[in-house]
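This report covers pockets, strands and helices in one protein model. Keep the structure open while reading.

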Amino acid sequence: LTCEISPQRISISQRNSLLSRIELEPGGLLETTLVTQLQPFCCWLPWFYNIRFILDAGLVNHLVVPWQKGISTPDELRDYGIALAQNAFPHLMGKSFRLGFEDIAYGHNALALVIEEEQWQTLSLVANQLKLRFPGVNTPLRSLLSTWRGTLPEEGIFALPGESDSTFACRSRGEWQHVYRLSFPGIQTEQQLTLVARLAGLRNTPCYF
């Protein structure tokens, strides 16, 4: 099963076939809603089935973690990324969170994502209650990057337009440089892209959606 979660709705599918889509009620409890919506499709599934949660870009935070001098292992890079995230995202102050990598290569800047521990635990509890394996979370950005099978373009702006937030990951000279998250629902994606290209100094750079 695949469960896509955005701030506005939940979509459930299996083998690319849409099973259900519902709008989320403001203030509703996500755990209860997920169990209620997934239960009808889980009663006949054996324990070994996975559930893949795909979180909308508006529900996670992305940042670039530079591979600094003195870093020698991915674990050290992760620790450095956690320190950066604590300063980059004030809303996470005092909260537990997890940091993972959308793209990482030894000796190069990494593209990282941050998810709140509470959110992770909610998804894990839902999977456990429904007797489904929980291999972790996925994001549309990771799906977009997988298009190139590990050989990413040297230059590019990787865009994830959203209903309320849009994320733009910028890559130049074979390195991740910046990630911008914009909340301009009234502005067209093309206008947001123009703004990001100007901020990042990447005019006339290819954009991938």
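## Second largest pocket

The second largest pocket has 17 lining residues, and E4, I5, S6, R9 and D56 lie nearest its centre. Strands β1, β2 and β4 are the elements that each give two or more residues to this lining. The space in this pocket is about 270 Å³. By class, its lining has five nonpolar, six polar and six charged residues.

The model is predicted: local features need pLDDT of at least 70, side-chain atom pairs count only at pLDDT 80 or more, and totals for chains, interfaces and linings use all residues. Residues are numbered from 1 along each chain as its sequence is written, and side-chain values use heavy atoms, leaving out hydrogens and water.

## Pocket terms

A pocket is an open set of points on a 1 Å grid over the protein atoms alone, where a 1.4 Å probe fits, with protein on both sides within 12 Å along at least five of seven lines; lining residues have an atom within 4 Å of a point. Volume is the space filled by probe spheres set on the points, which are joined across faces, edges and corners. Ala, Val, Leu, Ile, Met, Phe, Trp, Tyr, Cys and Pro count as nonpolar, Asp, Glu, Lys and Arg as charged, and the others, Gly among them, as polar.

## Largest pocket

The largest pocket holds about 320 Å³ of space. Its lining has 16 residues; L30, L59, E118, Q119 and T122 lie nearest the centre. Elements giving two or more residues to this lining are α1, β7 (110-116) and α3. The classes are eight nonpolar, five polar and three charged.

## Open sheet and its helices

Five strands form an open, mixed sheet in the order β3-β2-β1-β4-β8. Its edge strands, β3 (17-23) and β8 (137-138), each pair on one side only. Strands are DSSP E runs of at least two residues, helices H or I runs of at least four, numbered from the N terminus; pairing needs at least two DSSP bridges. Strand β2 (residues 9-14) runs antiparallel to β3, with six bridges. I12 stands opposite S20 in β3.

Helix α1 (residues 30-42) lies across β1 (2-5), β2, β3 and β4 (52-55), at about 25° to β2. Helix α3 (residues 117-129) lies across β1, β4 and β8, at about 150° to β4. Contact means heavy atoms within 4.5 Å. Axes are lines fitted to C-alpha atoms, for helices over the stretch in contact, and angles run from 0 to 180 degrees between N-to-C directions.

## Around β7

Six of the seven β7 residues are buried, so the strand is largely enclosed by the rest of the structure. Buried means under 20% relative accessible area (1.4 Å probe, protein chains only). Strand β5 (residues 61-65) pairs antiparallel with β7 over five bridges. L63 has A112 of β7 as its bridge partner.

Strand β6 (residues 97-103) is also antiparallel to β7, with six bridges. G100 stands opposite L113 in β7. The hairpin of β6 and β7 has six residues between the strands, and G107 there takes a positive phi near 80°.

Note on methods. Buried < 20%, exposed > 50% of the residue type's maximum accessible area, 1.4 Å probe, protein only.
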